[in-house]
Amino acid sequence: MPGEWIRSFRRHFYAGIIVLSIPLLVSLSLTSGYDVLRLLTAFKSNYYISNTTSNVVANRNENSRSMVSRVVTNTAVEHVADIGNISAKRKVCSASPERLVGRLNIDLSDNTNFTFHKEYLDIISGGTWKPRDCFARQRVAIIIPFRDRRKHLEQLQYYLIPMLKRQQLNFRFFVVEQNGNNTFNKGLIMNAAFAEVRKIEDFDCFVFHDVDMIPEDDRNIYTCTDAPKHMSPALDKFGYRLPYMQLVGGVLSMKPDVFIAVNGYSNLYWGWGAEDDDMAARIKFKNLGIVRPPLTTGRYRMIKHSKREMNPAKIRMFLLKTVKNRFMKDGLNSVQYKTVFVKLTPLFTHIMVDVGEPPKDTNKITSMMTQT
Ligand code: UDH
Ligand code: MN
C-alpha cells in the first residue's frame, strides 16, 4: 500500500535525523559550550520576556553584576574592561562634569511634547543609561512612587533624564505603582520597590523621588553621600526655603546600607502625610545626620495638583510619637506586598505591587503601637 510505505519512510527518515544529529550536538556543546551557556544564562539572568503574558520578569544575577546583560546589550567587551582594568580603559567620570548648564529652563505648559526627547534615543529599555566615555561614579536607582500621575511622570523624565546624562551617572528608573484604588501608602510601596530592585540589580545609591518634583538646577548631583541626602531643600511652594530642619520629603537619596540601617520607611502611614517625618526620625535615632545641597542648587518646582486623601492627624501624630520604639520592627523587615508584575518600558522599569487595604479599624494601628 503506498500510504503505508510513505508512513514507514517518514518514520525512518525522522529517526535517521535524530540519530545523525546526536554527534553534531555533542561536538557543538564541546567546542562552543561556553558560548551557548553564556547566551542561555544571558537570557535567564537578565530580562526574561514572556510573550504570553507580555510581562517582563527581571531576575537578579547574583554574582557578576550582569556581565551577561551586557552581552544582550552588545557591550560585553566594554564590560569586561569594566571588571578588569578600569583605569587602563576609561577614567572615572568627573565629580563636576563639564556639560552641566546650571539653572534649567523649565516649561511645564502644554506647548511641549513631553513624550519625546532626542536624549531618549540611547536609553535602554527599562530606563537604563550609562556614560560611554568614562566610568560612572555611582549606579543610581531612581525610585518613583506612583499612581495615576502619568503626565507628571512624563514631565519629570523630560527634564531629569537629560540632566542625569549630563551628570554622567549610570542610572535606572523604577516606577513603583500601587495596584487598585485603596488608600495610597507611599512608605510601604517604597519599601517594596527597594526589595524588588535589590533582586534585579545592584545599585550604589537609591533616590526616592516624588513624581511631581521637577529639578531646576543640574548642579544638584543625583548621587549618594554616606549620610542620607535631602536633595530638595528649596521648593517653590515653600518660597525656596527649608520650612523646618527635619524635612526629608520630596527627593531623598540614601545608600542601600543606610536604608537598611533605618529599616526603610514605615508601612503604617495610609493616606497623605508624615511618612517622610517618620523617616527623618529614623535617621535621627540612628544618628546619621542629613546632608543637603545649597539652597541655590537644591531647587525644585512641584507640579500643581490636588491634595490626596489624608491620614487622620490623630493617627499621624500618634505614629510620630512612637517612632523610636517601633522603627526597627515596622519597615523594610516587615513589609508585606504582592508583586503583580515587573515590566520593562522604554523609559522605566514598572513595578506593580498589591499592598492590600488599610486596617478598617484604625484602633488596630494604635493597638499595634501600644504593644511595642
Ligand atoms: N503619589 C501618586 N499618586 C497618588 C498619590 C501620591 O503618584 O495618588 C506619589 C507621587 O509620587 C507624589 C507622592 O506620592 O509626588 C507624594 O504625594 P503628593 O504629591 O500627593 O504629596 P504632597 O505632599 O501633597 O505633594 C501635598 C498636596 C499639595 C497641595 C497644595 C496646596 N497648597
Ligand atoms: Mn506633590
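1. Arg147 meets ligand 1 through its backbone: an N or O atom there lies 2.8 Å from a nitrogen atom of the ligand. This is a polar contact, meaning a pair of N or O atoms within 3.5 Å. The model is predicted: local features need pLDDT of at least 70, side-chain atom pairs count only at pLDDT 80 or more, and totals for chains, interfaces and linings use all residues. Residues are numbered from 1 along each chain as its sequence is written, chains are lettered from A and ligands numbered from 1 in the order written, and side-chain values use heavy atoms, with hydrogens and water left out.

2. A side-chain N or O atom of Trp272 is 2.8 Å from an oxygen atom of the ligand. A polar side-chain atom of Arg149 lies 3.2 Å from an oxygen atom of ligand 1. Of the 670 Å² of accessible area that ligand 1 has on its own, the protein covers 78% (Shrake-Rupley method, 1.4 Å probe).

3. The shell around ligand 1 holds 15 residues (a heavy atom within 4 Å). Pro145, Arg147, Val211, Trp272 and Arg308 are the closest. By class, the shell has eight charged, six nonpolar and one polar residue. Here Ala, Val, Leu, Ile, Met, Phe, Trp, Tyr, Cys and Pro count as nonpolar, Asp, Glu, Lys and Arg as charged, and the others, Gly among them, as polar.

4. Ligand 1 takes up the space of the largest pocket (more than half of its atoms lie within 2 Å of the grid points). A pocket is an open set of points on a 1 Å grid over the protein atoms alone, with protein on both sides within 12 Å along at least five of seven lines; lining residues have an atom within 4 Å of a point. The volume is about 1,000 Å³. Of 37 lining residues, Lys186, Asp210, Trp272, His305 and Arg308 are the closest to the pocket centre.

5. Strand E4 (139–146), helix H8 (275–285) and helix H9 (313–321) each give two or more residues to that lining. H8 gives the most, with three. The lining of the largest pocket divides into 14 charged, 13 nonpolar and 10 polar residues.

6. There is one cavity of 30 Å³ or more (a set of points where a 1.4 Å probe fits but cannot get out). The largest cavity holds about 50 Å³ of space. Its lining includes Lys186, Met190, Phe208, His209 and Asp210. Helix H6 (186–200) and strand E6 (205–209) each contribute two or more lining residues.

Methods: A polar contact is a pair of N or O atoms within 3.5 Å; within protein, one must be able to donate a hydrogen and the other to accept it, and residues adjacent in sequence count only if both atoms are side-chain atoms. Grid points are joined across faces, edges and corners, and a volume is the space filled by probe spheres set on the points. Helices (H or I, at least four residues) and strands (E, at least two) are DSSP runs, numbered from the N terminus.
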